[in-house]
Amino acid sequence: MHIYESLPLAPTGFAMGMVLMLLSLYVLLCPEHFRRQLVSVHAKSSAGTVLLGLDFIWVALLLFKADWNVLCMPLFEFENVRGILLLLCPVIWFVMSSMVKEQLFARALGFFLLLMAIVPMSAAFLKDPLSRILIPLWWYPVLTVAMFWVAKPYLFRDWMNSLAKHPALISSIAVFNFVYGLAICTCAGLFW
């Protein structure tokens, strides 16, 4: 069993709820700063390079087999290609960060969200009570959007530019995420 599957549901849900609430508070308390960042972040290739580096470090930790590495995941029938995949991590990072600079942040963010989703989704997988469904209900739309950002990163730029023109929509999304995070924290404290 991978360490993600053994994570307790209550602390994982509480952490997810707190992150949602804190990010929502930032958006609600600093709306102009958030809107400026929303419009300009897609063009920052240095931020994309750093985030992509974190993504590949995470993947390398999932692949690196050592006694001390609790993140190492089993590859089952693909175990014989573990070394090749591990070697490809820095190569792909270098190639992407040096040759695919346009919209690199969108790709890196999409990849990061895909990696991040596995943690709470694994903690909630087939566990009681039924209210744990709040976790995948939030992550499935996020995963869908993240796959679009990885495959078609220009959509990130277009969506963020469009979203920045509608401050009321940004506030509505932030309020929804705050209430959703509060619901997750409440369930984590009372039921999980």
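In this predicted model, the axes of helix 2 and helix 7, the latter made of residues 154-164, come within 8 Å of each other and cross at roughly 155 degrees. Because angles over 145 degrees count as roughly antiparallel, helix 2 is roughly antiparallel to helix 7. The crossing of these two helices is left-handed. On the side of helix 2 the contact is made by Arg35, Leu38 and Val39, while helix 7 contributes Met160, Asn161, Leu163 and Ala164.

Helix 2, which covers residues 31-40, is also among the elements that cover the buried residues of helix 1. Helix 1 runs over residues 9-29, has 21 residues and reaches 30 Å from its first C-alpha to its last, which is close to the 30 Å expected at 1.5 Å a residue. Its buried residues are Leu9, Ala10, Thr12, Gly13, Met16, Gly17, Leu20, Met21, Ser24 and Val27.

With ring centres required to lie within 6.5 Å, the count comes to nine aromatic pairs. In one of them, the rings of tryptophan 138 and tryptophan 139 have their centres 5.0 Å apart and their planes at 85 degrees, so the pair is edge-to-face. Both of these residues, tryptophan 138 and tryptophan 139, are buried.

Turning to the protein as a whole, the model has eight helices and zero strands, and from the N terminus on its elements run α-α-α-α-α-α-α-α. Along its principal axes the C-alpha trace spans about 50 × 45 × 25 Å. Of the 192 residues, 39% count as buried, and the residues of helix 1 named above as buried, from Leu9 to Val27, are examples. Among the contacts in the protein with a separation of 6 or more, 75% are accounted for by residues 24 or more positions apart. The contact between helix 2 and helix 7, with Arg35 among the residues on one side and Met160 among those on the other, joins two such helices of the chain.

Notes
Residues numbered from 1 in each chain as written. Predicted model: local features only at pLDDT ≥ 70, side-chain atom pairs only at ≥ 80, totals over all residues. Heavy atoms only, no water. Helix = DSSP H or I, 4+ residues; strand = E, 2+ residues; numbered from the N terminus. Expected span 1.5 Å × (residues − 1). Buried < 20%, exposed > 50% of the residue type's maximum accessible area, 1.4 Å probe, protein only. Contact = heavy atoms within 4.5 Å. Phe/Tyr/Trp six-rings, centres within 6.5 Å; stacked < 30°, edge-to-face > 60°. Axes fitted to C-alpha atoms, helices over the stretch in contact; angles between N-to-C directions. Parallel < 35°, antiparallel > 145°, perpendicular 65-115°, else oblique. Left-handed = near helix turned anticlockwise from the far one by under 90°.
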